[in-house]
Amino acid sequence: MNAIAPAPNLRGDYAAAAPDYTLPQRHAAIPPADHATWRELHRRQSALFPRHAARASRDGLALLDCADGVPDLARASAALGARTGWSLVAVPGLIPEDAFFAHLAARRFPVTHWIRRPEEMDYLEEPDIFHDFLGHVPLLAHPDFADFLQGYGAHGAFAQRHGALRPMARLYWHMVEFGLIREEGGVRAYGAGILSSAAETVFATESAVPRLRFDAARVLRTEYRIDDLQPLYFVIEHYRELFALLDGLEGALLAARDAPPIPVGAVLPTDTRI
Ligand code: HBI
Ligand code: FE
């Protein structure tokens, strides 16, 4: 049991969770109103996918077939497992880094079990099941991204031991939450923070906001803000670029830990705009 939440003011029931912070989803007990909230959120976001979402996100969403209501994590795990070996576990919300990294390293993605209230359709501070599932889970069906995220989790203990959690969190933020990819038709979104927000899905892909060529060392030093649209985005060409950075990640984490941070939104002379 975890009597103490990782941070105050989180709404999940942390006392009901196991030591690894998982709890039963109890899908059959989800109230009809929550299913209605899901259907509305899914309807609005999936309408933006054909034009703005990366092909891997669109393919993954099709595989998950989840328009009808809050997804059953066991059913989604079966579909995902057959593709890439990932499974989903229910958690009360944000969990401590060590538990989060351990799940990723075991190819388990923690999904918050509750959904936002109707007055929070456009924005809430904590991740809910809509963000975690519709934003993150589709990409787990892509083999290269799936392998990257496991490897990322496997480096968590190193980052923690060496005081490099900031660069580790920046990598997750810029590339897992707010990453873009260049495809035939233009720049598309695959990041979960983008794809779970209608406003940011359009803003990140169509506005004049700086979109910069991905550079791992640069990303590891780049500060971010959590309370507004991002002031810049990084663009990959292929998910293999993320997998490839795992090779030198330990050295890169230490270098980024010891280098001055790059301020939020700064564009440098060495950056390449896409
Ligand atoms: N817990 N459920 C959940 N989801 C996250 O995205 C998450 C987390 N705990 C820690 C965490 N993210 C961050 O520290 C990342 O930077 C790794
Ligand atoms: Fe997220």
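**Figure 1. The helices and strands of the predicted protein chain.** In this predicted model, the protein chain has 13 helices and six strands; these are DSSP runs numbered from the N terminus, with helices (H or I) of at least four residues and strands (E) of at least two. The radius of gyration is 18 Å, close to the 19 Å that the globule rule gives for 274 residues, so the chain is as compact as a globular protein of that length. Here the radius is taken over C-alpha atoms, and the rule is 2.2 Å times the number of residues to the power 0.38. Along its principal axes, the C-alpha trace spans about 55 × 40 × 35 Å.

**Figure 2. Polar atoms facing ligand 1.** From a side chain, a polar atom of Glu 97 lies 3.3 Å from an oxygen atom of ligand 1. Taken alone, ligand 1 exposes 400 Å², and the protein buries 87% of that (Shrake-Rupley method, 1.4 Å probe).

**Figure 3. The shell around ligand 1.** Look for Gly 93, Leu 94, Ile 95, Glu 97, Phe 100, Phe 101, Tyr 152, Ala 169 and Tyr 172 (a heavy atom within 4 Å of the ligand). These shell residues divide into seven nonpolar, one polar and one charged, with Ala, Val, Leu, Ile, Met, Phe, Trp, Tyr, Cys and Pro counted as nonpolar, Asp, Glu, Lys and Arg as charged, and the others, Gly among them, as polar. The largest share, three residues, comes from α4.

**Notes.** Residues are numbered from 1 along each chain as its sequence is written, and chains are lettered from A and ligands numbered from 1 in the order written. Local features need pLDDT of at least 70, side-chain atom pairs count only at pLDDT 80 or more, and totals for chains, interfaces and linings use all residues, while side-chain values use heavy atoms, leaving out hydrogens and water.

How values were computed
Polar contact = N/O pair within 3.5 Å; in protein donor to acceptor, adjacent residues only side chain to side chain.
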